Amino acid sequence: MARIVVVTSGKGGVGKTTTSAAFGAGLALKGYRTVVVDFDIGLRNLDLIMGCERRVVYDFINVIHGEAKLNQALIKTKQLDNLYILPASQTRDKDSLTEEGVMLVLEELKKSFDYIICDSPAGIERGAHFAMYFADEAIIVTNPEVSSVRDSDRILGILASKSMRAERNMDPVQEHLLIARYSPKRVIDGDMLKFDDVQELLDVPFLGAIPESDSVLLASNRGVPVILDNKTDAAEAYMDAVSRFLGEEVPHRFLQHHRKGFFGRLFGS
Amino acid sequence: MTTNTDSYKSGQTQGQPGSAASSFELKGSMLTVIELHVLDPVLANFAAEIKKKVSQAPDFFNRAPVAIDLAQVKNTESIIDFADIVEVLKRNQLIPIGVRNGSAAQHKRALDQGLFSLATSSMRSFDSQQDTQTELQQKAKQQKQQKQQKEENKDLKEKSSYSSSNANAESTSSSNKNSGFYTAHQAYSKTVYQPIRSGQQVYAKGCDLVILSTVSAGADIISDGHIHVYGSLRGRALAGVNGDESARIFCQNLEAQLISIAGYYRVIEEIEENFRNQSVQIYLKDQRVTIEKM
């Protein structure tokens with residue numbers, strides 16, 4: 001049975017699209033047929049991050065309005081055969097989304113995919129609402145700072161009251177917490193909230209923390225999901241999180257700060 | 001003919017859960033209504049007189065709502081022809097809405113012509129006599145039940161912590177003040193199992209509120225009675241919002257942004273350091289919000 005997973009945060013710039021791309025690729029690497037849907041209508045980014053921007057012809061809104069078939073709008077990524085994206089429209093705005101349209105597209109996607117990742121726009125308005133409304137699971141992306149945590153809390157409240165599952169009294173949306181841009185060193189310095197404080201404040205099962213890393217920015221600019229960028233901390237942290245998301249027991253890494261010894265600094269390992 | 005302000009009252013309840021995205025809101029407002037005082041039940045020459053009046057200030061009267069006041073003719077034997085009044089008013093671009101201050105029989109006949117019975121302070125409905133009768137009987141019964149229950153609960157709870165106004169918000173009047181305890185089938189408390197998130201609001205109307213999880217910063221929990229929180233309390237907690245000064249807040253971990261009992265409040269900056277992150281109870285003492293470790 002296909003699962004609809006929303007990646008959301010409330011606040012902007014915390015790493016939703018990066019996480020959507022990484023989780024999409026991670027689930028595809030694990031062998032699941034996966035599609036990532038960009039709900040940020042008017043501010044299309046996902047195609048860039050996943051390196052598909054030159055192949056966008058039709059988009060999500062075209063499909064909703066019946067101007068294109070779903071298969072025409074879906075783009076297969078270069079890196080993985082079982083990973084697709086459904087790009088957002090850059091010329092329309094979020095009012096073009098309709099509940100019925102979104103539902104029909106998601107129902108159609110459910111027939112051919114195992115995981116449908118909905119990349120939510122920031123905010124709590126129409127775009128974010130539709131991205132989360134049909135979700136079975138939610139990945140809440142939070143940065144370790146107070147405003148991000150509060151916005152995530154707000155989103156969790158909306159998930160618990162305004163999602164389809166909540167409105168129809170079904171089992172609640174399964175929530176997962178992912179902390180992005182985590183820097184153990186800045187936690188020690190007292191500049192950043194510690195991961196377990198964030199987890200306690202939000203009271204949601206913890207998927208893991210993604211260390212702050214230049215490799216994330218580089219991967220985005222190159223249009224490759226960061227998780228495919230082997231050997232970097234961020235890629236491994238994302239892969240661990242994907243495994244935990246699938247129910248595997250994986251020990252947490254990247255939560256402690258390791259001071260480099262003399263040789264370590266010398267050889268840069 | 002006088003102009004009278006008539007108020008349509010509907011108490012806007014504080015903190016209905018999920019009120020944020022409601023498609024409507026209820027508000028009390030004052031409307032200007034033209035009152036037509038009937039002085040003579042026969043209403044000879046009514047049509048001509050109205051026409052004359054309206055022609056003097058057509059803009060003022062254009063589609064104005066009219067209430068028909070029957071105070072002067074309440075005790076008359078003659079039958080007022082409401083159908084005629086309605087017809088004449090409508091013909092003159094006036095909108096008859098209802099009658100007031102008349103006898104029960106007059107109001108009943110007005111209702112047949114599509115006129116509402118406008119309540120005034122002295123009279124609640126046109127068949128009020130009947131209503132009052134049954135209402136009184138019910139009240140007596142209710143009081144009896146409450147009394148019994150109170151006695152049963154005596155050893156469990158020495159003092160009833162509810163004033164009648166919030167225990168029985170809809171059905172009580174001044175006659176049974178201070179007799180209040182819950183009637184047999186009323187809810188004693190509202191229990192919430194999920195975390196209450198920033199931006200959410202939970203209101204326990206007429207009862208206690210029990211929360212078995214955390215209350216996030218930016219969330220409101222509101223109760224007419226006590227509030228119990230068996231998790232961290234980081235949001236705002238308002239107990240006894242209906243005016244019950246004996247309401248209390250109990251919480252296992254006090255980090256609240258604001259605590260309030262019956263309208264008296266303290267914000268987090270006014271909460272002493274040594275009570276933060278402690279298991280406490282909060283109550284009103286000499287009209288001051290008092291915190292005590294448990």
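Guide: What follows goes from the fold of one chain, through some single residues, to the contact between two chains. The model is predicted.

Visitor: How many helices and strands does the secondary structure of chain A come to?

Guide: A count of elements gives a first outline. For chain A the count is 13 helices and eight strands.

Visitor: What share of the residues in chain A is buried?

Guide: Burial is read from relative accessible area, with under 20% as the cut-off. In chain A, which has 269 residues, 55% are buried.

Visitor: And what share of the contacts in chain A join residues at least 24 apart in sequence?

Guide: Here the pairs to consider are those at least 6 apart in sequence; of the contacts between them in chain A, 74% join residues at least 24 apart.

Visitor: Let us take a single residue. Where is L80(A) found?

Guide: Start with the element, then go on to the surroundings. L80(A) sits in a loop of chain A, the one between β3 (75-76) and β4 (83-86).

Visitor: Is L80(A) buried or exposed, and why?

Guide: L80(A) counts as buried because its relative accessibility is 11%, and the cut-off for buried is under 20%.

Visitor: Which residues does L80(A) touch, beyond those up to four places away in sequence?

Guide: Its partners are A25(A), A28(A), L29(A) and L228(A). Take A25(A): in sequence L80(A) and A25(A) are 55 residues apart, while their C-alpha atoms are 7.5 Å apart in space.

Visitor: How would the reading go for a residue in a helix, say N62(A)?

Guide: The steps can be repeated. N62(A) belongs to helix α3 (residues 60-64) of chain A. With a relative accessible area of 12%, N62(A) is buried. Once neighbours within four places in sequence are set aside, N62(A) is in contact with V57(A), E67(A), A68(A) and R92(A).

Visitor: Which backbone oxygen does the side chain of T232(A) reach?

Guide: T232(A) is in the loop of chain A between α11 (214-222) and α12 (233-245), and it counts as buried at 16% relative accessibility. The side chain of T232(A) reaches the backbone oxygen of D229(A) at 3.2 Å. As for spacing, T232(A) and P211(A) are 21 residues apart in sequence, with 9.9 Å from C-alpha to C-alpha.

Visitor: How many disulfides does a search of the whole structure find?

Guide: Zero, over all chains. Two cysteines can still be read for burial: C118(A) counts as buried at 0% relative accessibility, and C207(B) counts as buried at 5%.

Visitor: Now the interface. How many residues does the contact take from chain B and from chain A?

Guide: An interface can be read by residues, by area and by pairs. The contact takes 13 residues from chain B and 13 residues from chain A. Within the area that chain B buries against chain A, R197(B), S198(B) and R234(B) supply 52%, more than any other three residues. The area buried between the two chains is about 1000 Å², and carbon and sulfur atoms give 40% of that.

Visitor: How many salt bridges and polar contacts does the rule find across the interface?

Guide: There are two salt bridges between chain B and chain A. R197(B) forms a salt bridge with D153(A), where the closest N and O atoms are 3.1 Å apart. On the side of chain B that touches chain A, three residues are nonpolar, eight polar and two charged.

Conventions: Residues numbered from 1 in each chain as written. Chains lettered and ligands numbered in written order. Predicted model: local features only at pLDDT ≥ 70, side-chain atom pairs only at ≥ 80, totals over all residues. Heavy atoms only, no water. Contact = heavy atoms within 4.5 Å. Buried area = accessible area lost by both parts, 1.4 Å probe. Salt bridge = Lys/Arg side-chain N within 4 Å of Asp/Glu carboxyl O. Nonpolar A, V, L, I, M, F, W, Y, C, P; charged D, E, K, R; others polar. Disulfide = S-S within 2.5 Å. Buried < 20%, exposed > 50% of the residue type's maximum accessible area, 1.4 Å probe, protein only. Helix = DSSP H or I, 4+ residues; strand = E, 2+ residues; numbered from the N terminus. Polar contact = N/O pair within 3.5 Å; in protein donor to acceptor, adjacent residues only side chain to side chain.
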